[in-house]
Amino acid sequence: MNTELCDNIDWVGYIDWGVRDFHGYRTERGSTYNAYLVRDDKTALIDTVKAQFVERLMSNVSELTDLSKVDYVVCNHAEPDHSGGLPSVMSVCRSAELVCDAKCQKALNMHYDTKDWKWKIVKDGDSISLGKRTLTFMETPMVHWPESMFTYIPEEKLLFSMDAFGQHYASSHRFDDEDTLDIIMHEAKTYYANIVMLFGGPIARVLDKASKMDIEIIAPSHGIIWRENIDVIMSAYQDWVTQKQARKVLVIYDTMWKSTEKMAKAILAGAMEQNIEARLIDVSNDHMTVIAAEILDAAVVAVGSPTLNKTLMPAMAAALTYLKGLGPARKKGFAFGSYGWSKGGARDVEGYLTDMKVEILREAIECQFVPTEEVLEECYEAGRMLAEKAMASE
Ligand code: FEO
């Protein structure tokens, strides 16, 4: 495996082939925790890995240099998937200074026993010379936590971008030109939607700064390193931060005795009358990770649940709670669903949509027990209307 980014700058992280859950995100293709070693007159380790994989990190570093010779350990982000290895690393790299910003120091002090650590606190724009190369620090609050920062090596035009531009993708390849771009972009989009969609504003500010920098390599903390397709991922991020609307209709539903499913399929059929992208998602079969990625660029959405115990079904409640936290923006749509002796499902779905600031296009479509031909016709027409709204959005 090729792990060399440039002369004496190497990937020393961990490939986590088996991880399938990342705080609720289903990581079907695993992940990596990327750490990097920069060897110059002085040596710097950029980030670590999850605590349970730190021995592999230290073994990777040991193959390149004596651990006692590490001068700096940079922590760009305090989340434990990157900082978990710090206690072990700092206990072995005795002479190393921990480089981070003040907010990160505060977070690390709350996570770990740091009393024996030596610190070098940096702020936006500060630099450390390693000899021929320089580490320059750029504070990136909320990308992905308040204390996050990027590290840039201007002499190599190399940006260590932390969570930004990352993907949960375990691969035997480290670079974008060695792997399949469609898969990398699919995972980058899924990652954006599920990890940082809520932070579009801060990411837009970072993109603005990055667009003025000379960058030839983007080395994120998860997944593949960018060196051939930097324009592709930057352009995609520009679309994602603004949640650029595709002409796409999503029909998301849960069902108990197939009545709400029939309504969902009638809405989809109406939407498909137009030549646009339309997708049917059953929350019992499709994980909310997939739904988040699909909703990122969908212009319009219809969401349906039958009534169970006077409210919506539990899988739909979980999916909508998750989506509400991620804050998809600029969506339009409506709710639908069947009920038995008591209403509640469609009403509570509409409540979630309203909380998510979805523009409600029409009253909820409801039917008792089994949809009649009239109800299915109403669903079909509502689907046609959704498609027209999608066609009109940009
Ligand atoms: Fe990969 Fe926000 O940690």
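Reply: Begin with a polar contact, that is, a pair of N or O atoms within 3.5 Å; within protein, one must be able to donate a hydrogen and the other to accept it, and residues adjacent in sequence count only if both atoms are side-chain atoms. Here a polar atom of the Thr255 side chain lies 3.2 Å from the backbone nitrogen of Lys258, and the backbone nitrogen of Glu261 lies 3.3 Å from a polar atom of that Thr255 side chain. This is a predicted model, in which local features need pLDDT of at least 70 and side-chain atom pairs count only at pLDDT 80 or more, while totals for chains, interfaces and linings use all residues. Residues are numbered from 1 along each chain as its sequence is written, and side-chain values use heavy atoms, with hydrogens and water left out.

Me: Where is the place of Thr255, and is Thr255 buried or exposed?

Reply: Thr255 sits in the loop between strand E17 (246-253) and helix H8 (259-271); helices (H or I, at least four residues) and strands (E, at least two) are DSSP runs, numbered from the N terminus. Buried means under 20% relative accessible area, exposed over 50%, partly exposed in between (1.4 Å probe, protein chains only). Thr255 counts as buried because its relative accessibility is 15%. Leaving aside neighbours within four places in sequence, Thr255 is in contact (heavy atoms within 4.5 Å) with Thr260, Glu261, Pro306 and Met313.

Me: Which side chain makes a polar contact with the side chain of Ser338?

Reply: That of Thr260, at 3.0 Å. Ser338 belongs to strand E20 (residues 332-339) and counts as buried because its relative accessibility is 7%. Not counting residues up to four places away in sequence, Ser338 touches several residues, among them Met263, Cys367 and Phe369.

Me: How many residues has helix H12, and what covers its buried residues?

Reply: An α-helix has 3.6 residues a turn, so residues three or four places apart point the same way. Helix H12 (residues 373-392) has 20 residues and reaches 29 Å from its first C-alpha to its last, close to the 28 Å expected (1.5 Å times one less than the number of residues). Its buried residues include Val375, Cys379, Ala382 and Leu386. The cover over the buried residues of H12 includes E17, H8, strand E19 (298-304), E20 and strand E22 (365-368).

Me: In what order do the strands of the open sheet lie?

Reply: Strands of a sheet pair through backbone hydrogen bonds, either parallel or antiparallel. In this open sheet of five strands the order is E12-E13-E14-E15-E16, with mixed pairing; two strands pair if DSSP finds at least two bridges between them. Strand E12 (127-129) and strand E16 (217-220) are the edge strands, each pairing on one side only.
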